[in-house]
Amino acid sequence: MTLSPEQTAELAEYLENAELNAKAVPQISLRYPGITEADGYAIQHEIRRRKIARGTQIVGMKAGLTSRAKMRQVGVENPSYGFLADYFAVPDGGEIERAKLIHPRVEPEIAFVLKKPLRGPGCHIGAVLAATEFVMPALEIIDSRYENFKFDFASVVADNSSSSRFVLGGRARPVEDLDLRTLGMALEHNGKPFSFGAGAAVLGHPALAVALVVNLLARRDEGLEAGTLIMTGGITEAVACKAGDHVCLRMQDLGTVSARFV
Ligand code: 0L1
Ligand code: MG
């Protein structure tokens with residue numbers, strides 16, 4: 001860690017205000033060039049603490065930057081995690097208020113819901129599959145609080161890995177019935193195909209993204225409870241959306257999930 005507790009608290013307030021006011025700010029590493037991944041997570045967890053203190057519920061977790069397509073799109077090479085707050089949830093087929101966001105992009109994802117708790121270190125794909133109640137198709141709406149979606153790893157980790165909104169839909173199915181690596185998907189933007197992919201684009205198997213989050217949380221002596229929702233990261237690059245845009249994810253064997261920006 002390079003930041004003092006006072007600097008960590010100040011940066012958490014700065015980034016949370018950028019989120020709540022939908023106003024982009026320069027990436028924090030421009031002001032603190034030496035900041036590390038540990039600094040980034042300390043800031044993210046302080047944002048989480050601030051929200052909980054105001055009565056917000058944390059309803060899940062996300063893995064970010066788990067596919068080559070996503071890493072290429074933003075020029076950051078490491079996977080990360082973030083948290084999902086209650087007000088991030090949008091119903092399937094629902095509306096996303098564009099004016100509350102800065103420059104939203106939408107990603108196609110596979111979401112897991114656990115039936116058993118998971119703890120690391122050493123969490124592996126077998127433990128994740130044994131602990132999974134079901135998977136569902138999901139859209140993640142990311143909205144970096146940084147100007148022009150420009151950041152380095154520590155800065156994006158501090159910014160809760162760009163978490164902003166999410167939509168769950170389609171069919172919930174147990175993992176035993178599916179090969180998550182070969183599960184195909186198409187993301188449509190305004191009725192036209194935008195990207196195509198398969199589950200293996202996420203770390204070779206999306207369950208590995210859940211293990212990654214569990215093993216990263218173990219560094220803080222934290223784990224995931226039974227019932228936790230975990231988004232496993234964009235399978236393809238994200239599509240930028242404006243008011244009036246419609247996004248629909250069609251996933252093999254799992255149905256569709258969609259939303260409209262208003
Ligand atoms: O694209 C980004 O803003 C990087 C962080 C989150 C990426 C993801 O959810 O996969
Ligand atoms: Mg994502």
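In this predicted model, the end C-alpha atoms of residues 90-261 lie 11 Å apart. UniProt, in an unreviewed entry, assigns residues 90-261 the feature "domain: Fumarylacetoacetase-like C-terminal".

**Sheet**

An open sheet is formed by five strands, and their order is β4-β13-β12-β8-β9. The pairing within this sheet is mixed. β4 (94-96) and β9 (192-198) are the edge strands, each of them pairing on one side only. From one strand to the next, the twist averages 20°.

β12 and β13, which follow one another in the sheet order, pair in the antiparallel sense over six bridges. Within this pair, L249 has V257 of β13 as its bridge partner.

| Strand | Residues |
|---|---|
| β4 | 94-96 |
| β9 | 192-198 |
| β12 | 246-251 |
| β13 | 255-261 |

**Surroundings of ligand 1**

Ligand 1 is surrounded by 14 residues, and the closest are G64, S161, S162, G233 and G234. Two or more residues of the shell come from each of the elements β1 (58-64), α3 (68-74) and β6 (132-142). By residue class, the shell around ligand 1 divides into six polar, four nonpolar and four charged residues.

Notes: Residues numbered from 1 in each chain as written. Chains lettered and ligands numbered in written order. Predicted model: local features only at pLDDT ≥ 70, side-chain atom pairs only at ≥ 80, totals over all residues. UniProt positions renumbered as here; feature names shortened; annotations may be inferred. Helix = DSSP H or I, 4+ residues; strand = E, 2+ residues; numbered from the N terminus. Near = placed C-beta within 6 Å. Nonpolar A, V, L, I, M, F, W, Y, C, P; charged D, E, K, R; others polar. Pairing = 2+ DSSP bridges. Axes fitted to C-alpha atoms, helices over the stretch in contact; angles between N-to-C directions.
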